[in-house]
Number of protein chains: 2
Amino acid sequence: MLLLKDLPSTNSLLKLVARYPDADVNAIQEFATILSVTSDLSVALDKLLNDHGLMQGRWWILVLLLREDNLTSSPSALAEKIGVTKATMTGFIDGLQREGLVSRLTHDEDGRKLQIKLTSLGEEKLDEVVPDYYRKVGALMSVLTEAQRATIIETMKILGTNIDAMK
Amino acid sequence: MLLLKDLPSTNSLLKLVARYPDADVNAIQEFATILSVTSDLSVALDKLLNDHGLMQGRWWILVLLLREDNLTSSPSALAEKIGVTKATMTGFIDGLQREGLVSRLTHDEDGRKLQIKLTSLGEEKLDEVVPDYYRKVGALMSVLTEAQRATIIETMKILGTNIDAMK
DNA sequence: CCCCTATAGTTAGGGCCCAAACAAGATTAT
DNA sequence: ATAATCTTGTTTGGGCCCTAACTATAGGGG
């Protein structure tokens with residue numbers, strides 16, 4: 001996603017307001033703060049996964065496959081759930097297959113479809129990474145009180161349902 | 001950043017807990033929600049910028065340059081502030097220069113350094129995009145009350161200062 | 001049966017982003 | 001003054017992610 005380590009100071013924002021008078025300085029600063037913090041969260045997650053030789057795209061595929069009854073799903077379904085295009089999913093599966101974490105199986109009834117199956121090596125990888133992931137996410141969130149956690153989720157969901165306001 | 005349109009249902013999380021008993025299900029679900037919503041925010045910002053032929057990396061460079069007194073900064077300083085590597089910055093500047101929005105000037109005293117300067121075309125581009133950006137970010141944030149805005153920022157900052165908990 | 005359309009997956013080409021290796025100029029130590 | 005070191009910026013090669021165009025299979029209507 002993005003970045004911006006150096007959040008705009010109020011002073012430099014005032015300069016921008018002088019140039020663009022209609023700006024809601026607080027809103028901009030708040031928006032930038034949210035993006036900046038979550039960018040850092042995403043980077044921290046990347047590091048965690050990287051320690052296990054994974055990256056976010058590949059990670060979510062493994063987790064989704066583990067949820068399936070027979071550890072199997074289709075590229076299209078995975079792409080839909082993760083929110084990437086089918087083309088991107090092809091690349092992810094290429095990488096996972098290269099490392100032996102998933103396998104491509106043909107579909108018996110529909111010649112167009114593939115079945116992506118978590119291999120036993122993939123299961124082992126999850127058994128290695130998931131506890132670490134759970135422990136660290138738990139540690140992160142534990143710095144917030146129950147009330148703070150409930151409130152931030154509620155507020156984020158409100159923001160999420162109003163993203164159309166940016167269109 | 002990442003994705004995950006299809007947030008883990010509590011049911012499928014229970015299956016994970018059966019496999020990994022120590023997991024804090026709430027923490028995981030909350031973490032995923034935060035990442036998911038901000039991913040959507042980032043996508044919305046991408047769209048906004050894309051309407052003006054920009055992308056996030058290039059956008060922040062222009063904004064940072066506008067803040068400078070003489071509309072000038074160095075690649076290293078820009079990379080530092082935005083939070084990308086110098087190599088990435090080289091690519092960004094290549095693109096912006098190709099489009100005539102910034103120019104590379106040599107540094108008088110230090111032969112290693114460059115001065116990246118916002119061109120008049122770059123200023124015109126900002127005058128076109130910034131008001132739109134401000135208006136839409138303002139519209140997004142306006143769906144929250146003052147109290148909600150204050151609280152989410154405070155909570156985000158707490159999370160941000162405790163990212164080391166994930167290490 | 002054949003054509004038309006829809007769906008599943010891949011390929012090609014581009015921008016984003018990084019780490020590692022590099023070139024050139026500046027600084028410091030001896 | 002010269003060698004070692006640091007800093008600045010670029011290049012190279014890789015994974016991520018998209019859109020557009022493509023291939024192959026499936027399904028429906030004539």
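A: Let us begin with how residues are sorted by class: Ala, Val, Leu, Ile, Met, Phe, Trp, Tyr, Cys and Pro count as nonpolar, Asp, Glu, Lys and Arg as charged, and the others, Gly among them, as polar. Please keep in mind as well that this is a predicted model.

The part I have picked is the protein surface near DNA strand D. By class, this surface holds nine nonpolar, eight polar and nine charged residues. DNA strand D is surrounded by 26 residues, and the closest of them are A:Thr88, A:Phe92, A:Arg112, B:Ser76 and B:Leu114. Among the atoms of DNA strand D that come within 4 Å of the protein, sugar and phosphate make up 69%.

Which helices supply this surface? From chain A come α3 (56–67) and α5, and from chain B come α4 and α5, each with at least two residues. The largest share, four residues, is given by α5(A).

Now for some individual atoms. In the side chain of A:Thr88, an N or O atom is 2.6 Å from a phosphate oxygen of DNA strand D. For B:Arg104, the distance from a side-chain N or O atom to a phosphate oxygen of DNA strand D is 3.0 Å.

The side chains of A:Asp94 and A:Arg104 form a salt bridge, with 2.9 Å from N to O. A:Asp94 belongs to helix α5 of chain A and A:Arg104 to strand β2 (residues 102–106) of chain A, so this pair ties together parts that are ten residues apart in sequence. Side chains of opposite charge can pair when their charged atoms come close. Over all chains, the count of salt bridges comes to 14.

Next, turn to DNA strand C. Of the DNA strand C atoms within 4 Å of the protein, 68% belong to sugar and phosphate. The surface near DNA strand C has nine nonpolar, seven polar and eight charged residues. At least two residues each are supplied by α4 (75–82) and α5 (86–98) of chain A, and by α3 (56–67) and α5 (86–98) of chain B.

One lies 2.7 Å from an N or O atom in the side chain of B:Thr88. For the side chain of A:Thr90, the corresponding distance to a phosphate oxygen is 2.8 Å. At B:Glu109, a polar backbone atom is 3.5 Å from a phosphate oxygen of DNA strand C.

Where the chains meet, 73 residues of chain B are in contact with 74 residues of chain A. About 7600 Å² is buried between them, and carbon and sulfur atoms give 74% of this area. B:Arg67, B:Tyr134 and B:Met166 supply 10% of what chain B buries against chain A, more than any other three residues.

Two salt bridges cross this interface. The side chains of A:Arg149 and B:Glu30 meet in a salt bridge at 2.8 Å, N to O. On the side of chain B that touches chain A, the elements giving two or more residues include α1 (10–19), α2 (25–50) and α6 (120–141) of chain B. The most comes from α2(B), with 16 residues. By class, this side of chain B has 42 nonpolar, 13 polar and 18 charged residues.

Terms used:
Residues numbered from 1 in each chain as written. Chains lettered and ligands numbered in written order. Predicted model: local features only at pLDDT ≥ 70, side-chain atom pairs only at ≥ 80, totals over all residues. Heavy atoms only, no water. Near = heavy atom within 4 Å. Polar contact = N/O pair within 3.5 Å; in protein donor to acceptor, adjacent residues only side chain to side chain. Contact = heavy atoms within 4.5 Å. Buried area = accessible area lost by both parts, 1.4 Å probe. Salt bridge = Lys/Arg side-chain N within 4 Å of Asp/Glu carboxyl O.
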